[in-house]
Amino acid sequence: MNAGARPLNRLANEASPYLQQHADNPVDWYPWGEEALERARREDKPILVSIGYAACHWCHVMAHESFADPEVAAIQNEHFINIKVDREERPDLDNIYMAAAQALTGRGGWPLNVFCLPDGTPFYAGTYFPPDAKAARYRMPSWRQVLLSIAEAYRTRRADVTASAHELLDHIKRLAQPLPETAVVDAALLMAAAEKIGREFDPQYGGFGDAPKFPQPLVLEFLLRAHVRGDVQALPMLHQTLEQMARGGMYDQVGGGFHRYSVDARWLVPHFEKMLYDNALLAEVYHLAALVTGDPFLARIADETFTYMLRDLRHPDGAFFSSEDADSLPVPGAAHAEEGAFYVWTPDELRLALGDDATLVGAYYGVTRQGNFEGKSILYVPRPPEAVAARLGVPVERLEATVARARPLLRAFRERRPRPFRDEKIITAWNAMAIRALATASARVPEYLAAAQQCADFLLANLRRADGRLLRSWKDGRPGPAGFLDDYALLCDALLELHAASGEARYLATAIELADAMLDLFWDAQAWMFFDTGSDQPALVTRPRDLSDNATPSGSAAATVALLRLHAITGRDLYATRAEQVLQQVAPMLSRFPLGFGRMLCAADLAVGPTRELAIIGPPAHPATQALVAEARAAYRPRLVIARAAPGDPITSLSPLFADRGMIDGQPTAYLCEQFTCLLPVTTPEGLRKQLAS
């Protein structure tokens, strides 16, 4: 430690990069655990639970302004037991305490600061609080005022605080219950949900609602399914949204990949952090939309997003890191990081990078002297190439060729800037989304399959204990907490997709093992739904259950999809029963709040059916086997479930689709079934194409 540096607190021993970022705070931080809770009970002190994540801009701001201030830290240390939580490692805690903040304030976000009784029951919550110097400007109490007021209330009005805490906890528990209504999960519900989503559509810029505008890939995935069912509005809404997002500043025009969300309605100014989950989900949706529409632009955006993931977020052994920060140093050695500094441009920087081409490229990407973000320009595509070319008096072919030539030069120039911080922890659920996306897109780009397999193999080797229990996270050989429902459900679903793409039996076998463990650890037999935390995990003030999607699919929705797919393959009635029970409970929510239930609507689409099962028998590497698989995956078929086996493989005992079926005349053979009633076997792609079209 350098002379004059602060001593490190307990967070220095944690694997989470977010927690380590607070290790030199003068706040006496604890990680979540029994040590902190026991001290709170022993000293009868309230707990401050402060939750954030490494790529969170306002988390960094509050840390710099308040948590690094020795005077503020002294107040926290005197009156509170202070706990720092990485929401990405502990979504269960984030779920409970975010519900408290939303109930108390009507809004949520990060940093999330929650004050609790010594047993962890929340009684007051908020997000960012400014320091004294900024409080009047923001018309908010300062963090110092909040701390002192809460400490005074806990000391002098304990009975009121305790009563409020218990009332709030009762409210949080009620949120985890289904609506006291009924609805039938059928095609009419699906079409009604799509119609209601359409009412929120922005016909000018695409997307749903007003600013801030989120990409909502799970809703877009459902719109693809609605299109297949015959909804004539679904595909135009989807296509416009995907085009507008990819032409806006929310998309990284130089390096590929998407930022978190747009602060405006037209996708121009993003929050600049880049998350693995956003990019995995969006890359898959762009790929699928390209299959449906044949639009090469959508395919290009999918591939550029995958390229970003593989280039900038990948661990050397194949898994994917969590995120890149919104903030970075504007120049080497600068005193403070700035939001978006890595991504914005001036006309002079364009000229340094591109020379005479800067005029055309700057016009194409909307770069001006005044800029569109704090005096600089976020690159976006405000006008069609034809309009830009006409204004500049050049052929459109010349403009497009110049822009294509410029992009790698701009990226090389940008790489000389200080890069944003990268959170290098590996999260099971988020990597599972990357596996599924890569495996799905390998139907169009076969090279993606190896990346999907390497990621899956990394997870199964490093984030699955010897006893089979999944872990939530891993960093530099250090395991994180036990996995949650979404870790199990999303990895199960991803392995089914990877099995279909690769033909490797071990992925199907592991998916079945994960599904069985998921039912054992997370199923609530009384409520007919899943909990988010396992029965083997330490009890919290309530056992969380998040039914709606957030930026990622809810664990319940992902589990329902995986169980329905596994039932189609294995015929095990328990899988279908559990999935149908979940859908029965959430059906009223699907019809009333469809924008919050995109992945569950996909599950409902699968349940309504008709689902078709395709068994392909043949050596995975045999060209004829691969030709049959390629035919099956060449088009968007969301209710087709594929199972594969080599002749004589023990995996055939796990599915009735394989029973008494082998290769015909020594040739790899496809058996297409619907509800386990099968057509005649075929051995050629042409024969399979005709059956799939029927």
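Trp267 is found in the loop between strand 6 (261–262) and strand 7 (270–271). Helices (H or I, at least four residues) and strands (E, at least two) are DSSP runs, numbered from the N terminus. The model is predicted: local features need pLDDT of at least 70 and side-chain atom pairs count only at pLDDT 80 or more, while totals for chains, interfaces and linings use all residues. Residues are numbered from 1 along each chain as its sequence is written, and side-chain values use heavy atoms, with hydrogens and water left out.

Phi of Trp267 is near 65°, a positive value in a residue other than glycine. Trp267 is buried, with a relative accessible area of 0%. Here buried means under 20% relative accessible area, exposed over 50%, and partly exposed in between (1.4 Å probe, protein chains only). Asp476 also has a positive phi, near 50°, and is not a glycine. Asp476 lies in the loop between strand 14 (473–475) and strand 15 (478–479), and this residue is exposed, with a relative accessible area of 56%.

| Cis bond | Omega |
|---|---|
| Trp110 to Pro111 | near 5° |
| Gly609 to Pro610 | about 5° |

Pro111 is placed in the loop between helix 5 (91–105) and strand 4, whereas Pro610 is in the loop between helix 24 and strand 18 (612–617).

Strand 2 (residues 47–52) is largely enclosed by the rest of the structure, because 6 of its 6 residues are buried. In a regular strand the side chains alternate between the two faces of the sheet. In strand 2, Ile47, Val49 and Ile51 are buried on one side, and Leu48, Ser50 and Gly52 are buried on the other. Two strands are said to pair if DSSP finds at least two bridges between them. Strand 2 pairs with strand 3 (residues 81–86) in the parallel sense over 6 bridges, and Leu48 stands opposite Asn82 of strand 3. With strand 4 (residues 112–116), strand 2 pairs in the antiparallel sense over 5 bridges; here Ile51 stands opposite Leu112.

Helix 9 (residues 187–199) has 13 residues and reaches 19 Å from its first C-alpha to its last, close to the expected 18 Å. The expected span is 1.5 Å times one less than the number of residues. Leu189, Leu190, Ala193, Ala194 and Ile197 are buried in helix 9. They are on the same side of helix 9 because they cover an arc of only 135° around the axis, the arc being that of the directions from the helix axis to the C-beta atoms. On the other side of helix 9, Ala188 and Arg199 are exposed. The cover over the buried residues of helix 9 includes helix 10 (217–228), helix 11 (234–247), helix 23 (573–592) and helix 24 (598–608).

A nonpolar core is a set of buried Ala, Val, Leu, Ile, Met, Phe, Trp, Tyr and Cys residues joined through side-chain atoms within 4.5 Å. The largest such core has 171 residues, and those with the most contacts inside it are Trp143, Tyr286 and Phe530. Apart from it lies another core, of 23 residues, including Leu350, Val388, Leu410 and Phe413. Contact means heavy atoms within 4.5 Å. Leaving aside neighbours within four places in sequence, Tyr286 is in contact with Leu242, Met245, Ala246, Phe258, Leu298, Ile301 and Ala302.
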